[in-house]
Amino acid sequence: MPRFRAALLVTALCATALATPLAAKSPEETAAAALAAAPVWDGHNDVPEQLRGRYGNMINQFDFTDTSKAPPTDWSGVGMHTDLPRLRKGKVGAQFWSVYVDADLPQAEAVVVTLEQIDVLKRLVARYPNDMMLATSSADVEVALKQGKIASLMGMEGGSSIDGSLGVLRQMYDLGARYLTLTHSKTLEWADSATDEPKHGGLTDFGKDVVREMQRIGMLVDLSHVSEDTMFDALDVAKAPVIFSHSGARGINGHARNVPDGVLSRLKANGGIVMVVGLPGYLGEKRRQWGADRVGEEARLKSLWLGEPAQVKEGMDAWMKAHPEPKVTIADMADHIDHVRDVAGIDHIGLGGDYDGMDSGPVGMEDVTGYPALFTELARRGYSQADLEKIASRNMMRVLKAAEAYAAAHRADPPIEYPEKG
């Protein structure tokens, strides 16, 4: 073939190649690429609570490679939502493990139980050095991800864990706790809870100093579980980003545990993040209304059939048959993510499943394996790979780095002091 004809042929082939668009990725491919580049950093998992409730923290014989037949507790059935193979399948690369204690415990006892939960989590991580790595900084998380290990951070769920002491708060940080949820289900002497009688209109002066001291030392302020007034008071004080470790959007589901739009709007200036929860009662509004109706019907039957539990049970069985529980699906969880994006922006979304702290996740996300399906749904809705990477873990990494930078800049500031109790 003459040289000029060969050159023309090459030119024609190149032009054809340039004119032919690359095949668009499917939603499944987009989700897979995002999770390969940025594995999920989940904000809240209650495995430590399960280790306490199911095993009394005696874990030398506990098998974290298969928890499908873990013994029941008084509030949860056989089997757990989380184990190492399922975390891998769910593309979870970093996890905040909740060192939760019951909000009804006396606070001095809550401190002890929190220490025990920190201990059992550290022992669990140490038992699986090829799969898990204890992380106390963003740099640790980056190392763990590079090594293919699950970065394991700790978050305290509920201010009762510090018993009103900033000294205890600082020591919990030194032991590795990297966030504190200011309240759990009960209002404290310094902060109002979302699900209890308000007493302070938000944070007291001491509560505001808790926020200041947390940010001075580099501990993330977690506003899941707190009242709306407490959220606003914390944002007024905060100089570094805050988090909601496992909450939804109140604009989609009106539960008090979810974040109202006014707070979502404030997150833009604060730089914080809502890690969208997977608990069905917080996701589906129809499910929330059904739950309220069920509670009301049970109260009605108990009033009608005083001292006759069999009649109450028969009535409730009939009511449940006539009113099946509404299903909550992956689409419902995606709706919350859409809403946070629309009000706060793509940079302020994360994920906080609440696995092993609830009966089950949404249909299709019943356990920790479900995250790829959620990301596929989001890709189907038009989220780009870059968007999905932010939601998976890049937003959370930014938030932790910002908290660390603020603490580094204020390292010379004196600790906030209060007189010792007693």
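The model is predicted, so local features need pLDDT of at least 70 and side-chain atom pairs count only at pLDDT 80 or more, while totals for chains, interfaces and linings use all residues. Residues are numbered from 1 along each chain as its sequence is written, and side-chain values use heavy atoms, leaving out hydrogens and water.

**Pockets**

- The largest pocket has a volume of about 690 Å³. A pocket here is an open set of points on a 1 Å grid over the protein atoms alone, where a 1.4 Å probe fits, with protein on both sides within 12 Å along at least five of seven lines. Points are joined across faces, edges and corners, and the volume is the space filled by probe spheres set on them.
- Lining residues have an atom within 4 Å of a point. There are 26 of them in the largest pocket, and Glu-49, Trp-75, Tyr-100, His-184 and Gly-357 are the closest to its centre.
- Helix H3 (residues 47-55) gives the largest share of that lining, four residues. Helices are DSSP runs (H or I, at least four residues), numbered from the N terminus.
- By class, the lining of the largest pocket has eight nonpolar, 11 polar and seven charged residues. Nonpolar covers Ala, Val, Leu, Ile, Met, Phe, Trp, Tyr, Cys and Pro, charged covers Asp, Glu, Lys and Arg, and the others, Gly among them, are polar.
- The second largest pocket has a volume of about 310 Å³. Its lining has 15 residues, with Pro-280, Glu-325, Asp-359, Ser-360 and Gly-361 nearest its centre.
- Seven nonpolar, three polar and five charged residues make up the lining of the second largest pocket.

**Helices H12 and H13**

- The axes of H12 (residues 285-304) and H13 (residues 309-322) come within 9 Å and cross at roughly 150°, which makes H12 roughly antiparallel to H13. Axes are lines fitted to C-alpha atoms over the stretch in contact, with angles from 0 to 180 degrees between N-to-C directions; over 145 degrees counts as roughly antiparallel.
- In H12, Trp-290, Asp-293, Arg-294, Glu-297, Glu-298, Leu-301 and Lys-302 meet Val-312, Gly-315, Met-316, Trp-319 and Met-320 of H13. Contact means heavy atoms within 4.5 Å.
- That contact has six nonpolar, one polar and five charged residues.

**Helices H6 and H16**

- H6 (residues 138-146) and H16 (residues 385-409) pack at about 145°, their axes 9 Å apart.
- Ser-138, Val-141 and Glu-142 of H6 meet Met-397, Leu-400, Lys-401 and Glu-404 of H16, a contact with three nonpolar, one polar and three charged residues.

**Helices H10 and H14**

- The axes of H10 (residues 261-270) and H14 (residues 330-343) come within 8 Å and cross at roughly 55°.
- Asp-261, Leu-264, Ser-265 and Lys-268 of H10 make the contact with His-339, Val-340 and Val-343 of H14.

Definitions and conventions:
Helices (H or I, at least four residues) and strands (E, at least two) are DSSP runs, numbered from the N terminus. Angles under 35 degrees count as roughly parallel, over 145 as roughly antiparallel, 65 to 115 as roughly perpendicular and the rest as oblique.
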